[in-house]
Each structure stands twice: as C-alpha cells, then as structure tokens.
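Please open the structure in a viewer and keep the sequence alongside. The stops below are arranged so that each selection leads on to the next.

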Amino acid sequence: MEGLSISHANLVVYVHPSQSKNVRMAILRQLSALLFKYDETFDAAVLGYQFDILDKTAKILSGIHPYFGVRIKAKLLTLSPKPDMLLEGKVVKLTRDSIHVIVMGFSSAIIAREDIRGEFKYRHKHGKESYVSRTDKHHVIKEGGMIRFAVKR
C-alpha cells in the first residue's frame, strides 16, 4: 500500500532507574506509546517496530531526574499519506455531506461532498444511506463497503 514505509533509526530511550531490572520492558513501553499516533520526528504514524539494544552499558544523565539513556537501533513501520496518494478504506458512515472511512483499521478519513465524484448521487431509502453511480446502478457506496480514494491533504 502506498504511504507505508520501513524506516531505520538510531534512538536513545530514557529509562528511569526503577526500571533498570527490566530495561527491555521499559523500552517496549516507551516505543508502544508511539503506536498509531502521528509523530513529527518521523513525519508519519508509527504502526509497528522491532529494536535491538546497541550497548550493554547506558549513560546516566545528571540533573534532577536520574534517568539513563539506552541506545537502540529500531526498525519502524510507518504510514505517511501524501496528497494525490491512493488509499483504501472501509466505509463506516454516510451522510448527505460526507463519506467517513477507516483506513487500515485505525485511521479515519472524511471525504467531503465537494470531493465526491459528480457521478455519485446520495440516496436515503428504507433507513439506509448510500451513494449510487448515475452511470452504473450496480456501482454503490454503502456502509461496510471498501472504497479507494485519493488523499487531498
């Protein structure tokens, strides 16, 4: 899928001394906090990771908070959609003014009325909402269906 990429990064994770008995678990907790959120450092949402600890020794930071820095090498799976990129998602809601989509099971997108192709006409029948193509009556966008769309911004 477009927008998915694997990034390699050398990172320093700061661990509190109380976590020194299980440094790997402390690193997992901090990396897990990055998951499924946009991160400016990577200019993307982090979807998954693998890591290796580079050194068996850590550098203790001086100051009020006595954390120690652990150097790791991480492999990150990221999602960074750009304008005009094609994405695919599941339709979760339809209104007269928009189509709401979930991409990859976690990220939401909204397609506004002005961005829906003119060939589609909104229809509300028997309590069900849909967009039906004017040229092909079998081409229907409805809740639960999958659609492919271009990223605008």
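Patches are made of residues with over 30% relative accessible area and no salt bridge, like charges being joined within 9 Å and nonpolar side chains (Val, Leu, Ile, Met, Phe, Trp, Tyr) within 5 Å. Accessible areas come from the Shrake-Rupley method with a 1.4 Å probe, and for residues only the protein chains shown count as cover. A salt bridge is a side-chain nitrogen of Lys or Arg within 4 Å of a carboxyl oxygen of Asp or Glu.

The model is predicted: local features need pLDDT of at least 70 and side-chain atom pairs count only at pLDDT 80 or more, while totals for chains, interfaces and linings use all residues. Residues are numbered from 1 along each chain as its sequence is written, and side-chain values use heavy atoms, with hydrogens and water left out.

**Stop 1: a surface patch**

Select Leu4, Ile6, Leu77 and Met104, which make a nonpolar surface patch of about 320 Å². Met104 is found in the loop between β7 (98-103) and β8 (107-112); strands here (E, at least two residues) and helices (H or I, at least four residues) are DSSP runs numbered from the N terminus. With a relative accessible area of 37%, Met104 is partly exposed, a class that lies between buried (under 20%) and exposed (over 50%), with a 1.4 Å probe and protein chains only.

**Stop 2: the four-stranded sheet**

Next, display β8, β7, β6 and β12, which form in that order an open sheet of 4 strands with antiparallel pairing. The edges are held by β8 and β12 (146-150); each has a single partner strand, so one side of each is left without a neighbour in the sheet. Neighbouring strands of this sheet are turned by 45° against each other on average, direction ignored; the axes are lines fitted to C-alpha atoms, for helices over the stretch in contact, and angles run from 0 to 180 degrees between N-to-C directions.

Within this sheet, 6 bridges join the antiparallel strands β7 and β8, where pairing requires that DSSP find at least two bridges between two strands. Select His100 to find its bridge partner in β8, Ile110. Then move to Ser98, also placed in strand β7 and buried at 9% relative accessibility. The side chains of Ser98 and His100 make a polar contact (2.9 Å). Such a contact is a pair of N or O atoms within 3.5 Å; within protein, one must be able to donate a hydrogen and the other to accept it, and residues adjacent in sequence count only if both atoms are side-chain atoms.

**Stop 3: the three-stranded sheet**

Turn to the open sheet of 3 strands, ordered β9-β10-β11 with antiparallel pairing. Here β9 and β11 (140-142) are the edge strands, each with a single partner, so one side of each has no neighbour in the sheet. The twist averages 25° from one strand to the next.

Strands β9 (residues 120-125) and β10 (residues 128-133) are joined by 6 bridges. Phe120 has Ser133 as its bridge partner, and Arg123 stands opposite Ser130. In the hairpin of these strands, with 2 residues between them, select His126, which takes a positive phi near 55°.

**Stop 4: salt bridges**

The model has 6 salt bridges, including that of Lys82 with Asp43 (3.3 Å, N to O). Lys82 lies in the loop between β5 (68-79) and β6 (86-94) and Asp43 in the loop between β2 (38-39) and β3 (44-53), so the pair ties together parts 39 residues apart in sequence.

Finally, select Asp115 and Lys152, whose closest N and O atoms are 3.0 Å apart in another salt bridge.
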